[in-house]
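Open the model in your viewer and keep the selection tool to hand. The stops below go from one selection to the next.

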Amino acid sequence: MKKLFLIIGAPGSGKTTDAQKIAENNDKIAHYSTGDLLRAEVASGSKQGQLIESFTSQGNLVPLDIVVSTIVHAIKNCPKDIIVIDGYPRSVEQMSELDKVLSADSSVVLVNVIEVQVSEQVAKDRVLGRARGADDNAEVFKNRMRVFLEPLSDIQAFYNKKGILKVINGERSIDEIVAEMQGFIESRI
């Protein structure tokens, strides 16, 4: 049985870096990001990849069912049994659809959702400080933060009700955050 951990957090919370480091530190853990999974599917040349590209090449969002099936396909075909996916779910719809799919599939269990919490100011300072691309500016950050925050209380409530939400303070050093998150994941597997 595959064990799945989802990591959510604001833009600039460090969730991707945290997940990458955990996978580097433990060879039993695989790490994926949703965007990387979609790009890999396109690169594979599969029918699913061609369908994804038909949306992304036009600048359109990939439909929910395709995103979820891509994630589930990656999980099932992962050579490792412990999988960490960061940046998912981003909406109540994504959360509900994944829950529905996993409820019908006994080969994968969602063990925990880990939220890396940072204040909006810390997130903003990190994103604007890294300035990796054209989307790392105050205007875009404000919109990305709004998109993150709008569904957050519903997502937290849903996973809290299931008893699987773990909140980690993301305003510490990367080593402290990774050590806590990795220790938590390893204690759950």
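Predicted model: local features only at pLDDT ≥ 70, side-chain atom pairs only at ≥ 80, totals over all residues.

A residue is called buried under 20% relative accessible area, exposed over 50%, and partly exposed in between. Select Thr-17: its relative accessible area is 34%, so Thr-17 is partly exposed. Thr-17 sits in helix H1.

**Stop 1: the first annotated set**

Now extend the selection to Gly-12, Ser-13, Gly-14, Lys-15, Thr-16, Thr-17, Arg-130 and Arg-172, which an unreviewed UniProt entry annotates as "binding site". Which of these residues are included in the lining of the largest pocket? Gly-12, Ser-13, Gly-14, Lys-15, Thr-16, Thr-17 and Arg-130 are.

Pick out Gly-14 from this set. Gly-14 lies in the loop that runs between strand S1 (2-9) and helix H1 (15-25). With a relative accessible area of 23%, Gly-14 is partly exposed.

**Stop 2: the second annotated set**

Centre on Val-62, in the loop between helix H3 (47-56) and helix H4 (64-77). Is Val-62 buried or exposed? Its relative accessibility is 13%, so Val-62 counts as buried. Leaving aside residues up to four places away in sequence, Val-62 touches Leu-38, Ile-52, Phe-55, Thr-56 and Val-67.

Move to Gly-87, in the loop between strand S3 (82-86) and helix H5 (92-103). Gly-87 is buried, at a relative accessible area of 4%. Show its contacts: not counting residues up to four places away in sequence, Gly-87 touches Ile-7, Lys-15 and Thr-34.

**Stop 3: helix H7**

Select residues 138-149, which make up helix H7. At 1.5 Å a residue, its 12 residues should span 16 Å, and the end C-alpha atoms are 16 Å apart, which agrees.

Colour Phe-141, Met-145 and Phe-148, which are buried. Why do the buried residues of H7 line one face of the helix? Seen down the axis, they fall within an arc of 60°. An α-helix has 3.6 residues a turn, so residues three or four places apart point the same way. Turn the view to the other side of H7, where Glu-139 and Lys-142 are exposed. To see what the buried residues pack against, show S1, helix H6 (120-130) and helix H8 (152-162).

**Stop 4: an aromatic pair**

How many aromatic pairs does a search of the whole structure find? The search finds one. Select Phe-158 and Tyr-159: their ring centres are 5.2 Å apart and their planes meet at 80°, so the pair is edge-to-face. Phe-158 is partly exposed, with a relative accessible area of 24%, whereas Tyr-159 counts as buried at 1% relative accessibility.

**Stop 5: Glu-186**

Last, select Glu-186 in helix H9 (residues 174-188). Glu-186 counts as partly exposed, at 35% relative accessibility.

Conventions: Residues numbered from 1 in each chain as written. Heavy atoms only, no water. UniProt positions renumbered as here; feature names shortened; annotations may be inferred. 1 Å grid on protein atoms, 1.4 Å probe; cavity = no way out; pocket = protein on both sides within 12 Å on 5 of 7 lines; lining within 4 Å. Helix = DSSP H or I, 4+ residues; strand = E, 2+ residues; numbered from the N terminus. Buried < 20%, exposed > 50% of the residue type's maximum accessible area, 1.4 Å probe, protein only. Phe/Tyr/Trp six-rings, centres within 6.5 Å; stacked < 30°, edge-to-face > 60°. Expected span 1.5 Å × (residues − 1). Arc of directions from axis to C-beta. Contact = heavy atoms within 4.5 Å.
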